[in-house]
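Look at the sequence and the 3D structure below.

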Amino acid sequence: MAQNHYYIKDHKFTAPSPEPALYIVSTPIGNLRDITLRALEVLASVDVIACEDTRTSGILLKAYGIETHKTSYHEHNAAQKSQSLLKDLQAGKSVALISDAGTPLISDPGQRLVALAADSNINIYAIPGASAILSGLVSSGIATDEFMFIGFLPTKANQREMKLRTLQNASQSLIFYESPKRILKTLEVVRLVFGADRQICLSRELTKLHESHYRGTADEVLAELSAIDNLRGEMVLIIAGASEDEWDEAKVDALLVELMGQMSLSKAAGEAAKLTGQSKRELYQRSLQLGSNG
Ligand code: SAM
């Protein structure tokens, strides 16, 4: 049974009992103070917290004196655990879902449970907070009006390059998660595919002691990072969108041919329309022509 209490610097607070529901609670991406009062209230007062890793989340919960029962929910037990959490929710219990850092479901477990709860008409509330996506984007200096979150790129080199090629002419800012092990290789492909002059920003260790941002052209950032010994930390990569004059006919055709190799003509036209901002109908006509020429 939850104690309904949490502490901030030894001050004790009592949280109201929550409405029975599934709460998707964002937690910090580094700095433990980046958590909302509402998140603390919910975590202190629900019947159970489903954690990606109970030990990792234990550090955060302990820092706020929260003693709520924890259970593990991760990608390997999601199928079975979603069913048992659904039973709890159907019995009128309140459940909070958290991941190791940031917003659950964003490159993190939770999709299966939320879909199941939605299908079963359970009330679902997001308790918003930190996510590396927006912190990386807004501190990059790169346009924020339209953006696309890609998450982690494929680990296999040829698949990674293929994925980047499909994004080469996108007009939106692009947001990726990347590991320090792969970042230099990824940036080499970024330079090749997007061109040495494309503006990018690599943000490392956001909200933490060694937070740092590397901004410039793909060429400049790659040179700066290559000079760092033992590059470590969590990182978000932002790539500026293609400017409009980059969309000449040859590039649109190349994109369509690439997409047509991976999906139906209609889907390829739809994807190309999203990436280029051009009319899907016209792109479909063009893909028919390209298909009959090839
Ligand atoms: N759910 C999380 C969120 O909302 O940001 C993301 C989880 S994903 C498994 C972890 C990846 O997010 C890391 O590999 C890194 O790319 C990015 N990330 C998380 N925390 C970060 C931080 N403090 N600074 C930079 N990137 C971070």
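## Around the ligand

Of the 19 residues around the ligand, D108, S131, A132, Y177 and M235 come nearest. The shell holds 9 nonpolar, 5 polar and 5 charged residues. Here Ala, Val, Leu, Ile, Met, Phe, Trp, Tyr, Cys and Pro count as nonpolar, Asp, Glu, Lys and Arg as charged, and the others, Gly among them, as polar.

This is a predicted model; local features need pLDDT of at least 70, side-chain atom pairs count only at pLDDT 80 or more, and totals for chains, interfaces and linings use all residues. Residues are numbered from 1 along each chain as its sequence is written, and side-chain values use heavy atoms, with hydrogens and water left out.

## Polar contacts

A polar contact here is a pair of N or O atoms within 3.5 Å. The side chain of D108 has an N or O atom 2.8 Å from a nitrogen atom of the ligand. T103 places a backbone N or O atom 2.9 Å from a ligand oxygen atom. For Y177, a polar side-chain atom lies 2.8 Å from an oxygen atom of the ligand.

The protein buries 90% of the 570 Å² that the ligand exposes when taken alone. These areas come from the Shrake-Rupley method with a 1.4 Å probe.

## Between two domains

The protein is divided into domain 1 (4–130), domain 2 (133–244) and domain 3 (247–293). The bounds come from an automatic or database domain assignment. Why does the ligand lie between domain 1 and domain 2? Both domains give residues to the shell around the ligand, so it lies between them.

Technical notes:
A residue is near a molecule or strand if one of its heavy atoms lies within 4 Å of it. A polar contact is a pair of N or O atoms within 3.5 Å; within protein, one must be able to donate a hydrogen and the other to accept it, and residues adjacent in sequence count only if both atoms are side-chain atoms.
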